[in-house]
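Trainee: I would like to go through this structure with you. Could we take the interactions one topic at a time?

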Amino acid sequence: MHPTPATHDVIIMGGGLAGLTLALQLKRRFGDIDVLVLERRSHPVPHATHKVGESSVEIGAHYFDTVLGLKQHLDEAQLRKFGFRFFFSEGRRDLDAVTEVGASRPLAIPSYQIDRGIFENHLAEVAAAQGVRFVDNALVRRMALDPSPQGLHRIEWTESGEPHAAQCRWMVDACGRAGLLKRQLGLVQPNDHQAHAVWFRIGNRLTLDDWGQDPAWRARCTPAARWLSTNHLVGAGYWVWLIPLASGSHSVGIVADPAFHPLERMDSFDKAMDWLAEHQPVLFDVLDGQRDKLQDFAFMRKFSYGCKQVFSGERWALTGEAGLFLDPFYSPGSDFIAMSNTFICDLIAHDRAGRSVQARAQLYDHIYHSFYDSTLALYQGQYGLFGDPEVLPVKVVWDYTYYWGVLSQLFFHERLTDVATLGNLREELQHCQQLNIAMQGFLRAWSSVSERRNPARMLDQAALPWFAELNASLRESPLPDAAAFQARLRQCVAQLRTLAHQIHRQALDQHPGLDDGALAALLDQPRPRTPIDRDAAPMLFEQLTAPAAMA
């Protein structure tokens with residue numbers, strides 16, 4: 001006769017970034033909750049562990065440092081990020097003589113470059129200290145979900161060959177691309193984003209600030225620490241990431257659309273180096289003498305995918321890469337972990353209070369997929385314009401404004417699970433999604449006729465006052481009053497519409513025959529609660545609004 005297995009409130013399969021942060025969030029919200037985390041790998045994991053997702057942006061950073069209370073660790077054991085930075089350096093060795101997009105000084109809201117090994121080891125220690133039962137070397141063998149209202153899910157695993165079993169009220173899959181629950185439940189859903197990636201780590205700091213000889217170029221940033229940015233070396237159909245890690249290593253990745261750059265040209269380190277010699281020789285020159293410092297290499301064909309469902313009223317959920325994955329261009333991975341974990345915590349809270357979660361789980365699943373669709377539009381079909389020094393800087397400003405003005409407002413002001421407020425703002429949120437999709441198509445059309453001039457200049461995001469102020473607005477305390485938050489979001493939507501109007505006008509001034517049908521129709525809609533300010537001060541980079549000055 002087998003003994004009755006131990007019963008837990010929540011079992012999380014996967015003790016990586018998504019699973020451990022969920023465990024910590026649950027313990028911070030419910031001190032008495034019983035959480036078991038099963039992790040396949042042995043802990044502690046190596047520093048510079050071979051995972052993507054080292055760069056965080058504002059939502060993910062706020063989730064880590066404020067929601068989870070990990071600011072001291074991030075300040076002391078990780079690197080403060082100097083924003084995103086883009087160089088149009090295709091085929092060039094003179095990094096100081098091309099167009100650069102980035103901030104000359106750090107903006108108000110912090111984000112971090114995260115050494116995943118250091119961070120996940122710390123998360124495991126903190127979770128254990130707070131009462132989470134963390135089991136490493138655990139290989140899940142079998143899961144059985146019980147959908148009945150008072151049923152318990154069952155899981156079986158082995159540790160060093162020894163069988164174990166447990167049961168739980170909630171089952172969460174955070175085991176990454178293995179997607180155990182997703183595959184068992186038939187939830188796999190591909191998308192049409194075909195990009196692939198190769199990446200590796202070099203056991204040395206890549207001091208990008210030394211790659212230019214012009215003293216004025218070096219002095220443009222305060223501090224003179226471009227190397228702390230998530231640096232993008234961009235060209236048509238691809239981008240290369242450079243991300244520093246606190247362990248002293250540097251992460252390098254090539255992400256490309258196979259229609260421009262097939263994976264077969266870069267699926268080994270030697271091939272990747274040959275590719276860099278052709279397309280980014282400035283980076284090739286730096287890496288060529290450091291081949292002996294290579295720490296690892298991996299590649300992934302078609303890394304992006306969706307998922308039919310991530311939250312269920314039958315008390316199961318998926319988070320992180322176990323559910324869906326977008327594209328690393330704007331580093332949204334930790335953002336989507338933050339949002340999915342927040343939805344899961346709220347569902348568990350309602351269940352613990354004895355309320356049905358069927359309708360709420362369905363709503364959260366719809367909202368989360370809406371965020372996924374909106375964010376995927378930033379990347380899907382857009383790789384062709386990544387090498388455009390005139391259009392990509394405009395796209396970057398638009399994409400940031402959409403992110404800070406809509407999604408970040410919901411998260412920072414703690415309205416992600418405020419069903420009533422989301423319902424009151426449904427019309428505005430739907431309009432923003434439509435506007436973003438139309439804008440991405442318009443940017444593609446603009447880039448198809450762009451002259452792609454690439455002078456030596458810095459397009460300084462910190463010099464756009466409204467842009468820096470929008471970032472800083474996230475630092476404000478959460479608005480306690482729903483009406484005040486709704487007014488705040490509508491102001492952001494009006495600002496986004498005004499920016500869309502200015503982008504539309506600038507592109508048509510330069511190219512009068514540009515196809516603008518979908519975007520023009522949305523801008524012509526009378527929307528009294530989110531009006532376009534047609535007399536607003538210019539919101540785009542001055543250097544991009546005066547073509548004659550760039551000749």
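Trainee: Which residue forms a salt bridge with Arg527?
Mentor: Arg527 forms a salt bridge with Glu427, and their closest N and O atoms are 3.3 Å apart. The term requires a side-chain nitrogen of Lys or Arg within 4 Å of a carboxyl oxygen of Asp or Glu. This is a predicted model, in which local features need pLDDT of at least 70 and side-chain atom pairs count only at pLDDT 80 or more, while totals for chains, interfaces and linings use all residues. Residues are numbered from 1 along each chain as its sequence is written, and side-chain values use heavy atoms, with hydrogens and water left out.

Trainee: Where in the chain are Arg527 and Glu427?
Mentor: Arg527 is in the segment after α16 (517-523) and Glu427 is in helix α13 (residues 426-449), so the pair links distant parts of the chain, 100 residues apart. Helices here are DSSP runs of H or I with at least four residues, strands are E runs of at least two, and both are numbered from the N terminus.

Trainee: Is Arg527 buried or exposed?
Mentor: Arg527 is buried, because its relative accessible area is 15%. Buried means under 20% relative accessible area, exposed over 50% and partly exposed in between, with a 1.4 Å probe and protein chains only. Glu427, at 47%, is partly exposed.

Trainee: Which residues belong to the network with Glu427?
Mentor: Salt bridges that share partners join Glu427, Glu428, Arg490, Arg527 and Arg529 into one network.

Trainee: And how many salt bridges are found in the whole structure?
Mentor: The search finds 32. One of them joins Asp32 and Arg352, with the closest N and O atoms 2.7 Å apart. Asp32 lies in the loop between α1 (17-29) and β2 (35-38), whereas Arg352 is in helix α9, 320 residues apart. Asp32 counts as exposed because its relative accessibility is 60%; Arg352 is partly exposed at 37%.

Trainee: Changing topic, how many aromatic pairs are there?
Mentor: The count is 27. Rings of Phe, Tyr and Trp (its six-membered ring) pair if their centres lie within 6.5 Å; planes under 30 degrees apart are stacked, over 60 edge-to-face and the rest tilted. Phe64 and Phe119 form an edge-to-face pair, 5.1 Å centre to centre with 70 degrees between the planes. This pair links distant parts of the chain, with Phe64 in helix α2 (residues 58-67) and Phe119 in helix α4, 55 residues apart.

Trainee: Why does Phe119 count as buried?
Mentor: Phe119 counts as buried because its relative accessibility is 0%. Phe64 is buried too, at 1%.

Trainee: What else does Phe119 touch?
Mentor: Leaving out residues up to four places away in sequence, Phe119 touches Leu17, Phe64, Leu70, His73, Leu74, Gln78 and Ile114. Touching, or contact, means heavy atoms within 4.5 Å.
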